[in-house]
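Subject: Structure for you to look at

Hello,

Please find the structure below, with notes on what turned up in it.

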Amino acid sequence: MPMLKIFVGTVYGGALDVAEQVAPLFEQAGYEVSIFDQPTLDDLIGSPTDLALFCTSTTGSGDYPGNLVAFVRELEAKSPGLVGLKYGMIAMGDSSYVDSFCGAGRSLDEVLQGQGAERLGERLEVDAMETFMPDDAALPWVDEWIESQQLKVA
C-alpha cells in the first residue's frame, strides 16, 4: 500500500483539522496515511513517501506557523534534493492581508519546487474571509485532486 504523508503547519489547529478531515479520502483511494503536526525533514525523507500533502496556515506577515519553521529551515539548509517527490498544497490564509495572503503555503511551494519536488495540479488557497470552515473547501478539492491526478490505487 503506498504511503501518503500529510505535513501540517498550524497555529490554532485549523490546518490539522483539515488534514484529519481529508485523510479518509486518501485511505479510500488506497493509501496508508500518516499526519505529521510537528514535522521534521526525516519524516519526509527518512522513509518512503509515495505522495505528500502539505497543509499550512499562515501567520503574521505571511510567516510559517511555529510548528513548521524548523522543518522549513532544515529543508533549506540541508538541500536534500526532492526530485521524484510528488505533492499537493493546501494553503490557508486571510485575504484581508493582501500582500501576505497564503504566504506560508506559497513560500513552502517555492522551497519544495526549488528542491526538485513536483506539485501535482494547482495549489488550493483557502480564504478565511470567504470560507468559515476550511474543510468545506479542502474536501471537494482533495476529491477532485485525487480524480484529476489519477491518484487512486485501490
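**Helix packing**

Helix 3 and helix 4 (residues 103–114) have axes that come within 10 Å and cross at roughly 30°. That makes helix 3 roughly parallel to helix 4 (angles under 35 degrees count as roughly parallel, over 145 as roughly antiparallel, 65 to 115 as roughly perpendicular and the rest as oblique). Axes here are lines fitted to C-alpha atoms, for helices over the stretch in contact, and angles run from 0 to 180 degrees between N-to-C directions. Helices (H or I, at least four residues) and strands (E, at least two) are DSSP runs, numbered from the N terminus.

Before going further: this is a predicted model, in which local features need pLDDT of at least 70 and side-chain atom pairs count only at pLDDT 80 or more, while totals for chains, interfaces and linings use all residues. Residues are numbered from 1 along each chain as its sequence is written, and side-chain values use heavy atoms, with hydrogens and water left out.

The crossing of helix 3 past helix 4 is left-handed (the near helix is turned anticlockwise from the far one by less than a right angle; clockwise would be right-handed). On the helix 3 side, Leu68, Phe71, Val72, Leu75 and Glu76 meet Leu108, Val111 and Leu112 of helix 4; contact means heavy atoms within 4.5 Å.

Helix 1 and helix 5 also pack, at an angle of about 30° and with their axes 10 Å apart. That makes helix 1 roughly parallel to helix 5. Helix 1 passes helix 5 in a right-handed crossing. From helix 1, Asp17, Val18, Gln21, Val22, Leu25 and Phe26 take part, and they meet residues of helix 5 including Asp135, Ala138, Val142 and Trp145.

**Nonpolar cores**

The largest nonpolar core has 28 residues, and Ile6, Phe26 and Ile90 have the most contacts inside it. A nonpolar core is a set of buried Ala, Val, Leu, Ile, Met, Phe, Trp, Tyr and Cys residues joined through side-chain atoms within 4.5 Å. Buried means under 20% relative accessible area, exposed over 50%, and partly exposed in between (1.4 Å probe, protein chains only).

At least two residues of this core come from each of strand 1 (3–9), helix 1, strand 3, strand 4 (86–93), strand 6 (124–127) and helix 5. Helix 1 gives the most, with 8 residues. A second, separate core of 20 residues includes Phe7, Tyr64, Leu82 and Ala117.

**Aromatic pairs**

A search of the whole structure finds 8 aromatic pairs. Rings of Phe, Tyr and Trp (its six-membered ring) pair if their centres lie within 6.5 Å; planes under 30 degrees apart count as stacked, over 60 as edge-to-face and the rest as tilted. The rings of Phe26 and Trp145 have centres 6.0 Å apart and planes at 75°, so this pair is edge-to-face. Phe26 is in helix 1 (residues 14–28) and Trp145 in helix 5 (residues 135–148), 119 residues apart, and the pair links distant parts of the chain. Phe26 and Trp145 are both buried.

For Phe54 and Phe71 the ring centres are 6.3 Å apart and the planes are at 35°, so the pair is tilted. Phe54 lies in strand 3 (residues 51–56) and Phe71 in helix 3 (residues 66–78), so the pair ties together parts that are 17 residues apart in sequence. Both are buried. Phe54 and Phe71 also belong to one aromatic cluster with Phe7, Phe36 and Tyr87.

**Positive phi**

Most residues other than glycine have a negative phi. Cys102, in the loop between strand 4 and helix 4, has a positive phi of about 55°. At 0% relative accessibility, Cys102 is buried. Gln150, in the segment after helix 5, has a positive phi near 55°. Gln150 is exposed, at 70% relative accessibility.

Regards
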